[in-house]
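Subject: Structure handover

Hello,

Here is the structure for you to look through. Please open it alongside this note. My findings follow below it.

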Amino acid sequence: MNDLKIRPIIGLEIHVQLATRTKLFCGCRLEFAAEPNSNTCPVCLGLPGALPVMNRQAFEFSVLGGLALGCDIAPLTKWDRKSYYYPDMPKNYQTSQYDLPVAFDGAFEIIAPDGTSKKIGIIRAHLEEDAGKNMHEGLDHTRVDLNRAGTPLLEIVTQPDIENADDAYAFCVELQRLVRFLGISDADMQKGQMRFEPNVNVSITTADGTEYRTPISEVKNLNSFRSVRGAIEYEIQRQVHAWEDDHGYTLANRGKQNYGWNDQREVTEFQRGKEESHDYRYFPEPDLVPAQLDEAAIDSFRARVGELPLARERRYIEGYGVTQKDCEIILADLATAELYEAAANQGADPKTLTKQFVGVWNHLASTHNTSISRLGLAPQVVADLAKLVDAGTVSASAASQIAEHIHANQLADSAKPADIAAELGLIQERDEGQLEAWIDDVFAANAQAIEDALKNPKKARAAAGFLRGQLMKVSQGKADPKLAGELIEKKLDAMKGGSA
């Protein structure tokens, strides 16, 4: 193997469930873990005479997704019947798109684990319906739940530009962030809302320059980033070893094959040979009219997409001094990002504002099982709270209490944080006379700490911290910690000078 040049060739097919309320061609609700077959109708059951009606929002979401992936948008796109039989496909065909997908010829930028920027080509992104679900667990027979049948999916197909499992992992993570940011999908993999199918083969070049290409393995229905990386890494090694054992193990001889991923054993398992497009007998769907978009309509969608998460992340890091980790929260969705920017434009210090988004507001949203953007906060309210902390008027912990009060009393768009702080008794005491009086009481009651601070270098720092803690206790948390610390240090320095 040392004499061989190994080059993985990896492409991805990703199915993203679009965040519509109803299915693609009927009015049945999309509801996770509903009673089996409770959300069905003649259309999604494929009953004779039932006619589909296109979900407009699903189509718009697919256009937004295509534009965000750098794709061209087709001025005319149609739907096709993809014929195949499985028990969970009630019509015996899937309504999909074949030769005229809604989006095509794109490129999506990722940041690879080594920090380099890479662009992955996008062949197409098309709209299609999902199948139902076969259920086998704990049974001696198969049951079929058709609640998922007709669920709108955006299928994204990349060029085989991905060079290794880590880059594939990065692509999947960034794609999830993108669709959530746009609001076109919740992309919850535990609910099957985002599924990955890597296509993997290997170019093997021998010492004499002869190139062999192993069969393409499509690993089906992966539902975690970890599985994507594990399956690709395993397939690369498996294919190389298979070729070493048999140089006839090539794409020309074996074609394409479907595999499953055994997550417990961390191995791929052969399922069947893979169909080619002619096996599906595509033909235009006669019951749905094509969709047309002029340039003005496409431009209006492009304006809705706006600046993408990766570009915003770079700008926030450079302009606001945030970290990449902070951006995971601030860029959770477009509305949250715009709230952050609007608050910064109201004069809030970005450093304090970031701390509150990551800490105060994110904690509040998580506690109430929602997102920051759905708290309904006005930018001015967010900015004013950050300004109170930055000015030392309230402490960071008091800011959390104020945020809770705002949410509990439905004041998200009209609150005056300064008034709430006064009402709740949270304004920090900055009067030096009052602070010095409290300090005198603390010093009088803690002679040992004073002695340690003055005469024991090993304990001096801890002693000063203890004195600050006692001051906060005496003041019932009202003392400005920063100013109080400065006055304690000043008093200790004066005592040191007096005892010299």
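Let me start with a pocket. Four helices each supply at least two residues to the lining of the second largest pocket: helix 9 (350-367), helix 10 (379-390), helix 11 (396-408) and helix 16 (481-499). Helix 9 gives the most, with 5 residues. Please keep in mind that this is a predicted model.

The second largest pocket has a volume of about 410 Å³. Its lining counts 21 residues. Nearest its centre lie Thr352, Val389, Asp390, Gly392 and Val394. What is the make-up of the lining by class? It has 8 nonpolar, 5 polar and 8 charged residues.

One residue of helix 16 also deserves a look. Met495 lies in that helix. Met495 is partly exposed, because its relative accessible area is 31%, between the 20% and 50% cut-offs. Leu454 is 41 residues away from Met495 along the chain, yet their C-alpha atoms are separated by 7.8 Å.

The loop between helix 9 and helix 10 holds Ser373. Ser373 has a relative accessible area of 23%, so it counts as partly exposed.

Helix 13

Helix 13 covers residues 432-445, 14 residues in total. From first C-alpha to last it reaches 20 Å, close to the 20 Å expected at 1.5 Å a residue. Which of its residues are buried? They are Leu435, Trp438, Ile439, Val442 and Phe443. Seen down the axis of helix 13, the buried residues fall within an arc of 140°, so they line one face. The general rule behind such a pattern is simple. An α-helix has 3.6 residues a turn, so residues three or four places apart point the same way. On the other side of helix 13, Ala444 and Ala445 are exposed.

Ile439 is one of the buried residues of helix 13. Its relative accessibility is 2%, so it counts as buried. Met472 is 33 residues from Ile439 along the chain, and the two are 9.9 Å apart in space, C-alpha to C-alpha.

Aromatic pairs

The count comes to 15 aromatic pairs. Take Tyr84 and Tyr280. Their ring centres are 5.7 Å apart and their planes stand at 65°, so the pair is edge-to-face. The cut-off for that label is an angle over 60 degrees. This pair links distant parts of the chain, 196 residues apart. Tyr84 sits in the loop between strand 4 (80-83) and strand 5 (93-96). Tyr280 sits in the loop between strand 15 (267-273) and strand 16 (283-284).

Are these two tyrosines buried or exposed? Tyr84 has 19% relative accessibility, so it counts as buried. Tyr280 is buried too, with a relative accessible area of 13%. The cut-off here is under 20%.

A second pair joins Tyr259 and Phe270. Their rings are also edge-to-face, at 5.6 Å centre to centre and 80° between the planes. Tyr259 is in strand 14 (residues 256-262) and Phe270 in strand 15, 11 residues apart. Phe270 is partly exposed, with a relative accessible area of 48%.

There is also a cluster. Ring pairs link Tyr84, Tyr86, Tyr98, Tyr280 and Tyr282 into it.

Two backbone points

Most residues other than glycine have a negative phi. Two residues here go the other way. Glu266 has a phi near 55°, a positive value. Glu266 lies in the loop between strand 14 and strand 15. At 41% relative accessibility, Glu266 counts as partly exposed.

Gln410 is the other case, with a positive phi of about 55°. Gln410 is found in the loop between helix 11 and helix 12 (417-423). Its relative accessibility is 72%, so Gln410 counts as exposed.

Best wishes

Note on methods. Residues numbered from 1 in each chain as written. Predicted model: local features only at pLDDT ≥ 70, side-chain atom pairs only at ≥ 80, totals over all residues. Heavy atoms only, no water. Expected span 1.5 Å × (residues − 1). Buried < 20%, exposed > 50% of the residue type's maximum accessible area, 1.4 Å probe, protein only. Arc of directions from axis to C-beta. 1 Å grid on protein atoms, 1.4 Å probe; cavity = no way out; pocket = protein on both sides within 12 Å on 5 of 7 lines; lining within 4 Å. Points joined across faces, edges and corners; volume = space filled by probe spheres on them. Nonpolar A, V, L, I, M, F, W, Y, C, P; charged D, E, K, R; others polar. Phe/Tyr/Trp six-rings, centres within 6.5 Å; stacked < 30°, edge-to-face > 60°.
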